[in-house]
Amino acid sequence: MEFGALREEMVDSLLDAGTALADARPADAAMRAVPRHEFVDAGHRAYTDQAFEHRGTRVLAPSTVARLVGALEPRAGDDVLVVGAGVGYTVAVLAEIAGPTHVHAVDIDRQVVYDARGNLADAGYEDVLVDCRDGAEGLAEYAPFDRVLVEAGAASVPDALARQLAADGRLVFPEGVGDQRLVSVRDGETVGVHGPVSFAPLLVAGEQASAVERNRTVREDRERVREAAQSRPGWEREWIDWEDA
């Protein structure tokens with residue numbers, strides 16, 4: 001079976017299963033057009049409704065992508081920012097709807113950025129801009145954005161992303177650091193809740209999978225050791241200090 005037929009079958013099965021795709025017609029057409037096998041090296045399995053792993057990040061299942069796009073409500077010509085480029089598949093679906101030159105994506109992991117750029121180019125979306133940035137800082141030089149999609153969990157909307165949203169713009173993100181729910185925000189207010197989700201948290205510099213060292217963790221480990229030593233009472237602390245001397 002050719003990939004085009006597999007795409008049709010994938011979307012039809014998502015519709016039959018009553019997924020969010022039924023309420024996201026732009027995503028329906030876009031997912032029929034975007035060649036997912038260019039983003040997921042899994043042959044025919046690229047068109048099954050399952051997630052994959054890539055360089056320590058999760059490649060979202062098509063049904064999850066449909067939920068995100070449905071919550072975002074993108075339109076043709078919208079300027080869109082995606083925080084968390086991943087392999088580029090969600091980005092490509094949005095480019096199919098809004099237009100490639102209107103879609104921008106950032107990721108904190110440089111190797112992931114390279115991979116996403118290559119995948120998008122191979123799939124015919126080379127005009128999408130993908131840059132290596134701290135996602136919480138957004139992409140100020142291309143703001144404002146009509147739509148912002150964050151593919152990482154956060155307790156609240158990062159201030160920089162809120163500032164880069166156009167008037168009456170819409171931002172969608174997984175709210176929470178433990179139990180999460182997918183929410184859409186407009187003018188600082190939650191305007192939609194789209195069910196439970198489970199996403200990794202937004203990373204900071206040094207936490208990406210390709211980093212040489214997770215700097216924040218090393219710092220925290222040193223602080224814990226120092227605090228543990230200082231918390232020992234009486235003779236035990238004096239004995240440790242004497243040994244160190």
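How much accessible surface does the protein have, and what share of it belongs to carbon and sulfur atoms? The total comes to about 12,400 Å², and 47% of that belongs to carbon and sulfur. Keep in mind as you look around that this is a predicted model.

Let's start with the whole chain. The protein has 245 residues, and 44% of them count as buried. Its parts list includes eight helices and nine strands.

Now for some helix pairs. Two packed helices are described by the angle between their axes and the distance between the axes. The crossing of α1 past α2 is right-handed. Who does the touching? On the α1 side you'll find Arg7, Glu8, Met10, Val11, Asp12, Leu14 and Leu15, and on the α2 side Arg25, Asp28, Met31, Arg32 and Ala33. Sort the residues of this contact by type and you get six nonpolar, six charged and no polar ones.

Next, move along to helix α3 (residues 62–72) and helix α4 (residues 89–98). Here the angle is about 40° and the axes are 10 Å apart. That angle makes α3 oblique to α4. Once again you are looking at a right-handed crossing, this time of α3 past α4. From α3, the contact uses Val65, Val69 and Leu72, while α4 brings in Tyr89, Thr90, Val93, Leu94 and Ile97. By type, that contact has seven nonpolar residues, one polar and no charged.

The buried ones are Pro62, Ser63, Val65, Ala66, Leu68, Val69, Ala71 and Leu72. Look back at the α4 contact and you'll spot Val65, Val69 and Leu72 there too.

Just after α3 comes Glu73, and its backbone deserves a look. Most residues other than glycine have a negative phi, and most peptide bonds are trans. Glu73 has a positive phi, near 55°, and is not a glycine. Find Glu73 in the loop between α3 and β3, the strand at 80–83. Is Glu73 buried, exposed or partly exposed? Its relative accessibility is 41%, so Glu73 counts as partly exposed.

Asp168 is another residue to check for a positive phi: its value is near 65°, and it isn't glycine either. While Glu73 sits in a loop, Asp168 lies in a strand, namely β7, which covers residues 165–175.

One last stop: which residues does a cis peptide bond join? The two are Ala143 and Pro144, with omega at about 5°. To find Pro144, go to the loop between β5 (129–132) and β6 (145–150).

Definitions and conventions. Residues numbered from 1 in each chain as written. Predicted model: local features only at pLDDT ≥ 70, side-chain atom pairs only at ≥ 80, totals over all residues. Heavy atoms only, no water. Axes fitted to C-alpha atoms, helices over the stretch in contact; angles between N-to-C directions. Helix = DSSP H or I, 4+ residues; strand = E, 2+ residues; numbered from the N terminus. Parallel < 35°, antiparallel > 145°, perpendicular 65-115°, else oblique. Left-handed = near helix turned anticlockwise from the far one by under 90°. Contact = heavy atoms within 4.5 Å. Nonpolar A, V, L, I, M, F, W, Y, C, P; charged D, E, K, R; others polar. Buried < 20%, exposed > 50% of the residue type's maximum accessible area, 1.4 Å probe, protein only. Areas by Shrake-Rupley, 256 points an atom, 1.4 Å probe, with all protein chains shown as cover.
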